[in-house]
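Keep the sequence and the 3D view side by side as you read.

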Amino acid sequence: MTYWFAGQLYKDDQIKIMVSDPALAYGASVFTTMRIYENSLTHPLTAWDWHCDRIAQSLHFFTWPQPDWQRTTTGCQALLTDYPVLRLTILADGRELITGRHLPLNLEQQQQEGVTAWIAAEPKYQRSLPGHKTSNYLPCWLAMQAAKGHGARDAILIAPTGEWLETSTGNLWGYSNGKWYTPPLNSGLLPGISRARLIKALKNQVISHIPWTGSRVNQFECLAYSNCVVELLPIHTVLSGNIKLNYSSTHEGLTALKQMFYRPSMCEHNC
């Protein structure tokens, strides 16, 4: 395994870090995961500026120092020819850790056929500090493991009021009567980069201020979730206790939404 840490490239699967480091002791770091298109940080679909902005905003919120952005860019460039997916983590003291991985082997099949999701209704699955992508990711990880135990690919996280929020790895999308819906940020979910870019591209075709209650999700003709790695995955089945909700994975609305990822408006950045 090759990774970059604090200005140096390593070919190892171990990292040297102080046992008292807040990143290890408390998860005191923020991260972003990006898909690298055509081996380029500057490719519009990579959304490098969006990822940097989200990191910078979270660091400002926590009053942590910004990293050496030139050094961080160099580290990403050192890994992107080997890995199509990079995870950029900034520790509370400003040091950067960059790791890479490959795309899921069955991603294309899942994009075409859809996946199953499981409702993670217990309070232990509720995300902490949902507005920021911190390394305290335990609730999401627990939800994902539980979902796999139920034969699902991902988990759908639930608010204390019962609203659907997001999956453990992405933002939700539902289609009804010619409009796309996505849960509102003030319900307590991560402001995903793909979510923000799709809202920008969809313009008046998306409704993002209405909470996803039980009656709302039953009205959807199709369902999907998005993130920067998988782009868009249809959800054909949702498992909720003994109840099974079914959605179309071949709906024409899904095809149109998938195409949004490659429109010029998805590539603009003016944050």
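Across the interface of domain 1 and domain 2, six residue pairs are in polar contact, both residues at pLDDT 80 or more. A polar contact is a pair of N or O atoms within 3.5 Å; within protein, one must be able to donate a hydrogen and the other to accept it, and residues adjacent in sequence count only if both atoms are side-chain atoms. Strand 3 (29–35), helix 2 (48–61) and strand 4 (85–91) are the elements that give two or more residues to the side of domain 1 that touches domain 2. Strand 3 gives the most to that side, with six residues. Helices (H or I, at least four residues) and strands (E, at least two) are DSSP runs, numbered from the N terminus.

A word on the model itself. It is predicted: local features need pLDDT of at least 70, side-chain atom pairs count only at pLDDT 80 or more, and totals for chains, interfaces and linings use all residues. Residues are numbered from 1 along each chain as its sequence is written, and side-chain values use heavy atoms, with hydrogens and water left out.

Now the two domains. Domain 1 covers 2–101 and domain 2 covers 106–261, with bounds that come from an automatic or database domain assignment. To their contact (heavy atoms within 4.5 Å), domain 1 brings 21 residues and domain 2 brings 18 residues. The C-alpha centres of the two domains lie 25 Å apart. Between them, domain 1 and domain 2 bury about 1700 Å², 59% of it on carbon and sulfur atoms. Buried area here is the accessible area (1.4 Å probe) that two parts lose on being put together, summed over both. In domain 1, Phe 31, Trp 50 and Arg 54 lose the most area to domain 2. Together they account for 36% of what that side buries.

How many salt bridges are counted between domain 1 and domain 2? The count is one. A salt bridge is a side-chain nitrogen of Lys or Arg within 4 Å of a carboxyl oxygen of Asp or Glu. Look at Glu 231 and Arg 35: their side chains meet in a salt bridge (3.8 Å, N to O). Glu 231 lies in strand 13 (residues 231–240). Its phi is near 65°, a positive value in a residue other than glycine. Glu 231 counts as buried because its relative accessibility is 8%. Arg 35 is buried too, at 17% relative accessibility. The cut-offs are these: buried means under 20% relative accessible area, exposed over 50%, partly exposed in between (1.4 Å probe, protein chains only).

The structure holds six salt bridges. In one of them, the side chains of Arg 95 and Asp 21 meet at 2.5 Å, N to O. Arg 95 lies in the loop between strand 4 and strand 5, and Asp 21 in the loop between strand 2 (8–11) and helix 1 (22–26), so the pair ties together parts that are 74 residues apart in sequence. Arg 95 is partly exposed, at 23%. Asp 21 is buried, at 10%.

Asp 93 is found in the loop between strand 4 and strand 5 (96–101). The side chain of Asp 93 makes a polar contact with the side chain of Arg 95 (2.8 Å). Asp 93 is partly exposed, with a relative accessible area of 44%. Asp 93 and Ala 23 are 70 residues apart in sequence, yet 9.1 Å apart in space, C-alpha to C-alpha.

Another salt bridge joins the side chains of Glu 96 and Arg 71 (2.8 Å, N to O). Glu 96 is in strand 5 and Arg 71 in helix 3 (residues 69–79), 25 residues apart. Glu 96 is buried, with a relative accessible area of 0%. Arg 71 is partly exposed, at 29%.

Turn next to strand 9 (residues 171–176). Six of its six residues are buried, so strand 9 is largely enclosed by the rest of the structure. Asn 171, Trp 173 and Tyr 175 are buried on one side, and Leu 172, Gly 174 and Ser 176 on the other. Strand 9 pairs with strand 12 (residues 222–227) in the antiparallel sense over five bridges; two strands pair if DSSP finds at least two bridges between them. In strand 12, Cys 222 is the bridge partner of Tyr 175.
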